[in-house]
Amino acid sequence: MELTPEKIRLFPIVLLMIIGCFGLLNSKSILRSLLSLDVIDTATITIFVLIAASSGYQTPIVSTQRYSAYSDPYPQAIILTAIVIGFATQALLCSVALRLGRKSPMLRYRDLEK
């Protein structure tokens, strides 16, 4: 297996995703789970952006110059949609956590299970 610069750039992002999964599995409060989900979401979006932004492709913007290779605009649209959905999901989960925080201010799972 040959290590190209594109593959080397993916290592920190995969590490970030593993850290997010580890935090999600070992969190004892809702806030830590929310932060871990945000880390996983950010790592996933960054992986797709790095894959879509490979070298040699130009953005599909109309200009006086003609390029031979355009990048596909569909992954960019999907990533923008994923960012908006991720933000909306985080906002909804924060509002649920705020509501649950009235009963149990520390938001620990074991306190909420009672």
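The term asks for a side-chain nitrogen of Lys or Arg within 4 Å of a carboxyl oxygen of Asp or Glu. Arg108 is partly exposed too, at 29% relative accessibility. The structure holds 1 salt bridge. In general, side chains of opposite charge can pair when their charged atoms come close.

A word on where these values come from. The model is predicted, so local features need pLDDT of at least 70 and side-chain atom pairs count only at pLDDT 80 or more, while totals for chains, interfaces and linings use all residues. Residues are numbered from 1 along each chain as its sequence is written, and side-chain values use heavy atoms, with hydrogens and water left out.

Leu107 is found in the loop between α3 (73–100) and α4 (109–112); helices here are DSSP runs of H or I with at least four residues, strands are runs of E with at least two, and numbering starts at the N terminus. Leu107 has a phi near 55 degrees, a positive value in a residue other than glycine. With a relative accessible area of 5%, Leu107 is buried.

Next comes a helix pair. Helix α1 (residues 5–26) packs against helix α2 (residues 30–52) at an angle of about 160 degrees, and their axes are 8 Å apart. Axes are lines fitted to C-alpha atoms, for helices over the stretch in contact, and angles run from 0 to 180 degrees between N-to-C directions. That angle makes α1 roughly antiparallel to α2 (angles over 145 degrees count as roughly antiparallel, under 35 as roughly parallel, 65 to 115 as roughly perpendicular, and the rest as oblique). Residues making the contact include Leu10, Ile13 and Met17 of α1 and Leu37, Ile40 and Ile47 of α2, where contact means heavy atoms within 4.5 Å.

At 17% relative accessibility, Ile40 counts as buried. Leaving out residues up to four places away in sequence, Ile40 touches Met17, Gly20, Cys21 and Leu24. The C-alpha atoms of Ile40 and Ile19 are separated by 8.2 Å, with the two residues 21 apart along the chain.

Key:
Buried means under 20% relative accessible area, exposed over 50%, partly exposed in between (1.4 Å probe, protein chains only).
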